[in-house]
Amino acid sequence: MTKEQVLKKYFGYDKFRPLQAEIIETILAKQDCMVLMPTGGGKSICFQVPALVMEGITLVISPLIALMHDQVQSLQANGVPSAFLNSSLTSVEQRTIEEKCKSGELKLLYISPEKLFYNDYLNFIKTLTINQIAIDESHCVSTWGHDFRPEYTKLNILKETFPEIPVVALTATADRVTRKDILTQLGVPDAKVFISSFDRPNLTLSVLPGRNRLKILQQFISKRPNQSGIIYCLSRKNTEDVAEGLRKLGITAMHYHAGVDSKTRSEVQDAFIKDEIQVIVATIAFGMGIDKSNVRFVIHYSLPSNVESYYQEIGRAGRDGMKSDTLLFYSFGDIITRKEMIQNSELPDDMKEVQLAKLDRMKQYAESEICRRRILLSYFNEEAQNDCGNCDVCQNPPKKFDATIFAQKALSAIARTEEKVAMGLLIDVLRGSQNRSIYDRGYQTLKTFGVGKELKYEEWADYITQLLNSGIIDIAYDERHSLKLNAISWQVLKGEKKVDLVRFEAYEAKKARLDEE
Ligand code: ADP
Ligand code: ZN
């Protein structure tokens, strides 16, 4: 069967979405590839269709038992012979599946990495006719990703074992550094990368200071009667308190977190899907694999830990393409809590650093006074030349001043230091600071040394951050956070593009504006 026939016969669709056909062709040509698509973008079809076109069986590595279960169930419902192997099966069930693999009856086998590496299970896999290896949620292999799983790091063994078999790495969230790392870790550095747009123009984006949250929620929700929404909270206790607070205000709200027993959880979920409950107040445990297309709003009661998680969570609103609203509460207190959570975690030090850097990007998003969608898109390395008009910053723009000269100074200092320095040292160069790092590198002789004396350290830090967030400067986290120039940087340097920035606001003033009373 051709790929078009498979799409029609098993999935009932007439046309591929953008990129799906190219990705499938690449796999059929036995080339490795990486698929980056937002949640709901249609990643699964990209490996499921080739699995059915080719002879043999496709191995799908997936970290979550629940997701595996859902995918296999819907494949089976479509008449695709498939099964999963993970720790939840009895040995009799496992034996039956193994027989079906051997007889060539199955087309897709989902397996957890734990299972794959337990007891040399790979030896069994080697006896099968594998035609493709799909690695779902592949950001889990990277410590740069937001959901690192140690057992994923051994997956490079797959390419070593099956050098001729195409590997397909799929993920909904990966910035450029994570992306590069995933491919290195999987042993497929030359994989072809396919990125579909992360833009979700039907979602409005707003941020409010973390004051009077419950009261604002009441106003927000009462303006949207009969519309479904999700509120994400930091802790289980939080979800219970907020849900109760809302119920007292007459809103049908239920909490949901991993500590609730599974029967109640599925009842709450069902009631939400059937629109019997208006609002779910949840920890991040809620949302994976939930298919509700008419969620009209997603609210973050406190700051998420990173931009990837935030993006994924707001992405659960408006899956039907209709206008939907998102709202994020932000206070300095949230940052402190998040930092403590990272510091007190069991993570090794270098990973704590990655988490802190990611938290910092989230903070920058929340504090930003430039178009928020631009920040999101530039985070995922999509070029955004224009403001979106559909976020709170665009609708209520802060006063800006012409900062082209400042931008040019910073950019030319980046060029003169050969794109090798991080923000701190760059500011020292701009301000002409006399210190050891400067002398060690001989930066005191640069033409740009001291050209930015007129600004304080904090002011430069603020302006450079704004430049980063608007995509005028790039940053390489995997090269010790060194700042890099891109195409837009050069337009600014050549005087072809003007730069407007928001005037620096001192820490104390900002804190007073943002924090709980
Ligand atoms: P992801 O894994 O990227 O989150 P899925 O693969 O689950 O997304 O796809 C999301 C939805 O889009 C599913 O309901 C799927 O059946 C549908 N879909 C995928 N590809 C197509 C297509 N070519 N035409 C129509 N619907 C599609
Ligand atoms: Zn905007």
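**Labels and their grounds**

Q: Which residues have the most contacts inside the largest nonpolar core?
A: They are Ile230, Ile231, Val279, Ile280 and Val281, in a core of 52 residues. The model is a predicted one.

Q: What makes a set of residues a nonpolar core, and what other core lies apart from this one?
A: The members must be buried nonpolar residues joined through C-beta atoms within 7 Å. Another core, of 51 residues, lies apart from the largest one. Among its members are Cys46, Leu116, Ala134 and Leu186.

Q: Which residues does Ile230 touch, beyond those up to four places away in sequence?
A: Ile230 touches Ile280, Ala282, Phe286, Val295, Val298 and Arg316. The cut-off for such a contact is 7 Å between C-beta atoms.

Q: Why is Ile370 called buried?
A: The threshold is 20 or more other C-beta atoms within 10 Å. Ile370 has 23 C-beta neighbours inside 10 Å, so Ile370 counts as buried. Ile370 is found in the loop between H15 and H16.

Q: What is in contact with Ile370, leaving aside neighbours within four places in sequence?
A: Its contacts are Ile375, Val393, Gln466, Asn469 and Ser470. Val193, 177 residues apart from Ile370 along the chain, has its C-alpha atom 29 Å from that of Ile370.

Q: What makes helix H16 mostly covered?
A: Helix H16 spans residues 372–379, and seven of its eight residues are buried. The buried ones are Arg372, Arg373, Arg374, Ile375, Leu376, Ser378 and Tyr379. The cover includes strand E8 (203–209) and the helices H13 (307–314), H15 (349–367), H17 (392–395) and H21 (457–469). Just after H16, Asn381 takes a positive phi of about 65°.

Q: How do you know which strands are at the edges of the six-stranded sheet?
A: The open sheet has the order E8-E13-E12-E9-E11-E10, with parallel pairing. E8 and strand E10 (253–256) each pair on one side only, and they are the edge strands. Neighbouring strands of this sheet are turned by 20° against each other on average, direction ignored.

Q: Why do E10 and E11 count as paired?
A: Pairing needs at least two bridges between two strands. E10 and strand E11 (residues 279–282) share four bridges, in the parallel sense. In E11, Ile280 is the bridge partner of Met254. E9 and E11 also pair in the parallel sense over four bridges, and here the partner of Ile230 is Ile280.

Q: What joins E12 to E9 and E13?
A: Five bridges join E9 to E12, and the strands run parallel. Tyr232 has His300 in E12 as its bridge partner. Four bridges join E12 to E13, again parallel. Val298 stands opposite Thr326 in E13.

Q: What makes both faces of E11 covered?
A: Val279 and Val281 are buried on one side, and Ile280 and Ala282 on the other. E12 is mostly covered, with five of its six residues buried.

Q: Which strands do helices H10 and H11 lie across?
A: Helix H10 (residues 213–222) lies across E8, E9, E11, E12 and E13, at about 170° to E13. Helix H11 (residues 236–248) lies across E9, E10 and E11, at about 175° to E10.

Q: Why do E3 and E7 stand at the edges of the seven-stranded sheet?
A: This open sheet runs E3-E4-E2-E5-E6-E1-E7, with parallel pairing. E3 (82–85) and E7 (192–195) each have a single partner strand, so one side of each is left without a neighbour in the sheet.

Q: How do you know that E2 and E5 pair?
A: At least two bridges are required, and E2 (residues 57–61) and E5 (residues 130–135) have five, in the parallel sense. Ile57 stands opposite Ile130 in E5.

Q: What classes make up the shell around ligand 1?
A: The shell has four nonpolar, six polar and three charged residues. Of the 13 residues around ligand 1, Tyr13, Gly41, Gly42, Lys43 and Ser44 come nearest.

Key:
Residues numbered from 1 in each chain as written. Chains lettered and ligands numbered in written order. Predicted model: local features only at pLDDT ≥ 70, side-chain atom pairs only at ≥ 80, totals over all residues. Buried ≥ 20, exposed ≤ 12 C-beta atoms within 10 Å, placed from the backbone. Helix = DSSP H or I, 4+ residues; strand = E, 2+ residues; numbered from the N terminus. Contact = placed C-beta atoms within 7 Å. Near = placed C-beta within 6 Å. Nonpolar A, V, L, I, M, F, W, Y, C, P; charged D, E, K, R; others polar. Axes fitted to C-alpha atoms, helices over the stretch in contact; angles between N-to-C directions.
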